[in-house]
Amino acid sequence: MIWTSAVLGGMCVLQFAMLLRGEVSSSSSPWGKTVTFRREQRPPRPRRDTSGSTESSNTSHGPAFTSCRLPLTPNEHKILDDNTQETGFNGDDGSYVILTWVGDGTGVILVLSTISGPLDSHLTGSSRLYRSTDYGKSFHDISHRINHTFIKEEFGVSVGPGSSVILTADTPVVDHPGGIIFTSTDAGATFHLIQLPFHLAQPITYHFFNPDYLVALSIDGGLWLSLDFGAKWTKVHDGVFSFQWGAGINLFFSYSHVDAVEAEERGDLVLKRTKDLGKTFTIIHEDIFGFGYIGAFLFFSVMEDPGSPRVMYFSSDQGDTFSQALLPSASTEQFYSILDGDKDMLFMHVDTPGETFFGTMYTSDDRGILFSKSLERHLFDGQRKSDFTNITSLRGVYLTNKLDIDGRIRSVISFNRGGTWRPLKKPENVNCPGNVKRCNLHIHGEHSRYNNLVPMLALSEPTAIGLVIAHGTVGDSLSLSQHPDVFVSSDGGYNWRGTLKGPHHYSILDSGGLIVAVEAHRDRQVKTIKFSTDEGRCWKSYNFTEQPFFFAGLASEPGTKAMNVSVWGFRPEDDGQPMWVTVTIDFQSLITRECSKKDYEEWLAHSTNKGDSERNGCVLGMKETYRRLKKQSVCRNGRSFVVKKKQSPCPCTREDYLCDYGYFRHVNTSECVRQPNTPNKSFEMCLDGEEDELLTAGYRKVPSDKCEGGFTPQHMVQTIIRPCGVKPTLDPSAVSTSPVEHFDTPKERLVLILVSTGAAVVVLVTIISAFLAVRRGVYRTRMPAYRFSNLRIQEDNGFTADLESATSSNGTACQHDSDVDLIE
């Protein structure tokens with residue numbers, strides 16, 4: 001089992017490895033974007049279907065649809081020619097080219113070209129460093145600013161808050177006591193060389209808000225801190241396996257007393273926290289397999305007894321208290337994977353035993369304790385690839401694929417954060433193939449990208465409201481034998497249309513006002529880019545070069561504010577040596593008019609009908625009306641564009657509630673019913689000496705749902721608080737604190753008998769009524785959970801430390817850690 005990472009070194013990494021052969025992957029970061037191009041010839045991986053058979057290379061075309069094409073006028077062609085710059089990196093045949101945007105709207109791009117030396121030689125390789133200050137229109141070789149030092153490809157360039165940059169040099173361990181880094185605080189205009197007292201095992205990690213605070217892990221397991229942007233370093237701990245920033249200046253790390261290499265496999269790691277930058281430490285938990293931090297949640301896996309399945313623990317207060325998640329435990333052959341998370345909830349995948357390639361997806365409450373089943377047979381293939389995608393252009397929308405019982409992959413979408421899932425509608429301009437009983441759109445995800453079926457995953461951006469671009473096929477299920485086409489949705493995934501035939505690379509510019517695309521070819525060169533100003537309804541084509549080249553990928557500034565895009569690739573020279581080429585196209589000169597008020601319209605998100613229904617557009621208890629660009633308006637939003645919306649609460653319905661732990665939503669109804677074989681117990685937890693007993697009718701509100709009034713499940717949440725360890729009584733008011741009285745006379749005994757008989761009848765009636773109430777559906781769920789507070793643990797130095805309370809935060813991070821796929 002492996003925990004994977006989505007953020008490397010605190011920077012966004014969007015990787016293209018698509019030259020003659022290769023693939024494309026992406027991730028995000030709060031500070032910048034890095035694009036990596038790799039020039040490598042290798043045979044593509046064989047495509048495999050879910051049954052494991054190798055797919056034939058002969059693929060067919062899907063259902064036909066008409067793609068709107070508009071001619072480019074001579075004047076438009078001239079304008080684009082005048083605003084297109086081509087740069088050839090003469091004499092540079094580096095194996096890798098790494099682009100990094102520095103700062104927000106600065107126009108600065110650093111390009112690192114590297115050639116790695118043979119593994120069996122003493123040569124480390126060579127590199128060149130280039131810098132652009134005009135969004136990639138021109139580049140200057142600045143290798144002399146770092147003394148022509150070879151920069152490591154795997155660590156490359158790390159960008160942090162503001163204009164901070166770190167370059168990691170590759171130095172042989174035997175020749176130097178430590179590695180070398182170059183730091184810059186002015187977006188690469190100048191660099192400062194720093195000799196490290198250690199060798200890096202992974203990229204240096206920035207603090208979320210303070211670029212001066214850096215954390216590094218050395219190859220011998222030392223945890224190092226710098227509080228002055230790398231000028232001075234202090235070792236704060238030994239034997240560290242992994243680390244992550246939490247909220248504020250909380251820093252979490254796992255370490256081992258012995259061999260850190262095998263400690264994660266044995267579950268011998270210790271989770272610690274420092275909240276004063278390494279001055280003092282607190283043990284959170286011992287004998288863990290690994291940990292992670294996402295949203296406001298700290299989580300780790302533990303095997304509480306030797307040979308027993310692993311369980312998950314979560315904390316929403318920086319580790320001061322933690323609770324066991326009410327989830328199925330996982331054996332050593334299974335894994336957990338946290339698919340997504342924020343301050344309100346988590347999406348968790350739990351693998352099904354065996355090589356099944358699927359599991360069950362769960363969603364958490366706002367404490368990360370109670371998990372409810374969201375989707376069964378969720379696809380998670382043999383390479384630990386999940387197709388789970390957050391559609392960021394519309395609140396509450398998630399897209400993924402499931403492996404149905406017939407062995408076919410089918411796409412489903414949720415508009416309420418995993419509360420319910422449904423198939424995607426057939427695109428409006430695509431006819432279904434013959435003899436298909438069920439006809440829907442199915443989206444290619446990470447599983448398809450890994451198998452070289454598509455060059456890019458589904459794309460959405462928070463500033464391009466409702467816009468989604470994705471590769472897909474139309475039919476009964478996801479076809480692995482058809483060429484995927486490009487489909488676009490303008491309303492967050494409710495409705496789709498076919499827009500481009502065949503695989504493409506695509507990018508969103510100008511906050512959704514402009515889309516660009518280039519055909520993905522493995523065996524021939526390209527010279528044409530397509531662009532659309534109406535969210536993919538119609539396209540124009542522009543030949544950006546007279547000399548085609550092998551395509552590597554598209555590169556554009558993060559945040560979708562830019563109006564220019566760079567097409568990267570390489571052109572073979574006469575001597576057989578390739579040369580890197582980039583062509584930057586500036587569309588701002590073509591789309592010159594700034595958008596005015598008349599170019600925008602009011603759009604009710606999640607609206608599924610044209611009536612004035614009170615519930616129309618209500619998702620997660622809220623109606624949201626956005627101001628967005630009209631499709632027919634050809635103008636530019638500009639860098640100052642800000643998404644504007646109006647919100648109003650909706651009355652609650654059952655759709656605003658999830659089925660609580662131990663319950664599921666019946667297929668043909670909206671009722672939550674108890675799962676078979678679930679113990680009829682209530683949920684208890686002990687917190688600060690008081691035991692809370694939670695009684696539920698099977699419903700809990702969806703995290704972040706803002707509905708008001710309306711439907712409220714009876715006895716949805718009822719809390720009984722009593723001292724820990726005290727058993728409940730049938731009638732607490734009957735407990736007497738007065739001295740014991742004796743009944744000695746026959747008259748007194750008769751009164752006692754009558755009173756006792758009456759009380760027994762009352763108790764019997766109460767029991768029968770309670771039994772009938774349970775039969776009518778008012779269930780009590782008592783599931784054991786553990787909540788620890790003021791934990792006292794004996795530390796190595798012999799003294800005992802108390803955990804202090806801390807304020808939870810919405811800070812997010814993800815970091816390579818341990819033996820479970822906790823970050824997808």
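This is a predicted model: local features need pLDDT of at least 70, side-chain atom pairs count only at pLDDT 80 or more; totals for chains, interfaces and linings use all residues.
1. Ground rules first: local features need pLDDT of at least 70, side-chain atom pairs count only at pLDDT 80 or more, and totals for chains, interfaces and linings use all residues. Residues are numbered from 1 along each chain as its sequence is written, and side-chain values use heavy atoms, with hydrogens and water left out.

2. Four strands form an open sheet in the order 15-16-17-18, with antiparallel pairing. Its edges are strand 15 (205-206) and strand 18 (234-237), each pairing on one side only. Strands here are DSSP runs (E, at least two residues), numbered from the N terminus, and two of them pair if DSSP finds at least two bridges between them.

3. Inside that sheet, strand 16 (residues 214-217) and strand 17 (residues 223-226) are joined by four antiparallel bridges. Leucine 214 sits opposite serine 226.

4. Now the charges: the count is 26 salt bridges, taking a side-chain nitrogen of Lys or Arg within 4 Å of a carboxyl oxygen of Asp or Glu.

5. Aspartate 485 and lysine 501 meet at 3.1 Å, N to O. Aspartate 485 lies in strand 37 and lysine 501 in the loop between strands 38 and 39, 16 residues apart. Aspartate 485 is buried at 5% relative accessibility, while lysine 501 is partly exposed at 32% (buried is under 20% relative accessible area, exposed over 50%, partly exposed in between; 1.4 Å probe, protein chains only).

6. Lysine 645 and glutamate 624 form a salt bridge at 3.3 Å, N to O. They are 21 residues apart, in strands 48 and 47 respectively. Lysine 645 is partly exposed at 43%; glutamate 624 is buried at 2%.
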